[in-house]
Amino acid sequence: MDPRRQLGNAGERAAERFLRAKGLAMVARQARTPFGEIDLVCEDGPELVFVEVKTRRSARFGAPEEAITRKKFLTMRLSAEAYVSAKALEARPWRLDVIAIDPSGAITHFPSIDSPGAG
């Protein structure tokens, strides 16, 4: 397996454990949509949560959350909207979250992002 994919999968597993400890329920992992993949889909009470996980092996390219560019944010939003539509979940509230995992393994949760640049 590609080392980047291995790092991403490890980050997603760590994010899942983190979110479960916060009381969120897992619905789907690596959900594919016509616009891209959603790393994690969770439920936080009645709210659906679409989670983008960014994991960094080093600080060379900046903090993980800095990878949420305008283009990535748009992809996240379009993917979430496509998932909601495909599953006929339009009546449910939903949000976009980012989980950033730095080289030390520290996890930062950015709930309810509404624009690029989660940090």
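Mentor: A residue counts as buried here when its relative accessible area is under 20%, as exposed when that value is over 50%, and as partly exposed in between. This is a predicted model, and the part to look at is helix H2, residues 70-86.

Start with the length of the helix. Just after H2, Ala88 has a positive phi of about 55°.

Next, the inward side. The buried residues of H2 are Lys72, Phe73, Met76, Ser79, Ala80, Ala82, Tyr83 and Val84. An α-helix has 3.6 residues a turn, so residues three or four places apart point the same way. The buried residues of H2 include Lys72, Met76, Ala80 and Val84, and also Phe73, Ser79 and Tyr83. These buried residues pack against four strands: S1 (25-33), S2 (36-44), S3 (47-55) and S4 (94-101).

Those strands can be taken in order. S1 and S2 run antiparallel and are joined by seven bridges; they form a hairpin with two residues between them. Within this pair, Arg32 stands opposite Glu37 in S2. S2 then pairs with S3, again in the antiparallel sense, over five bridges. The bridge partner of Cys42 is Val49 in S3, and Asp44 stands opposite Glu47, also in S3. The hairpin of S2 and S3 has two residues between the strands, and in it Gly45 takes a positive phi near 65°.

S3 and S4 run parallel and are joined by eight bridges, with Glu52 opposite Val98 in S4. The chain goes from S3 through H2 to S4, and this β-α-β crossover is right-handed.

Two aromatic pairs turn up in a search of the whole structure. In one of them, the rings of Phe50 and Tyr83 have centres 5.5 Å apart and planes at 75°; planes over 60 degrees apart count as edge-to-face, so this pair is edge-to-face. Phe50 belongs to strand S3 and Tyr83 to helix H2, so the pair ties together parts that are 33 residues apart in sequence. Both Phe50 and Tyr83 are buried.

Phe50 also pairs with Trp94, again edge-to-face, at 5.7 Å centre to centre and 85° between the planes. Here the link is between Phe50 in strand S3 and Trp94 in strand S4, 44 residues apart. The accessibilities of these two are as follows. Phe50 has a relative accessibility of 3% and therefore counts as buried, whereas Trp94, with a relative accessible area of 28%, is partly exposed. Phe50, Tyr83 and Trp94 form one aromatic cluster.

To put the parts together: H2 packs its buried residues against S1, S2, S3 and S4, the chain crosses through H2 on its way from S3 to S4, and Phe50 of S3 is paired both with Tyr83 of H2 and with Trp94 of S4.

Notes
Residues numbered from 1 in each chain as written. Predicted model: local features only at pLDDT ≥ 70, side-chain atom pairs only at ≥ 80, totals over all residues. Heavy atoms only, no water. Expected span 1.5 Å × (residues − 1). Buried < 20%, exposed > 50% of the residue type's maximum accessible area, 1.4 Å probe, protein only. Contact = heavy atoms within 4.5 Å. Pairing = 2+ DSSP bridges. Right-handed = clockwise from strand over helix to strand, strands pointing away. Phe/Tyr/Trp six-rings, centres within 6.5 Å; stacked < 30°, edge-to-face > 60°.
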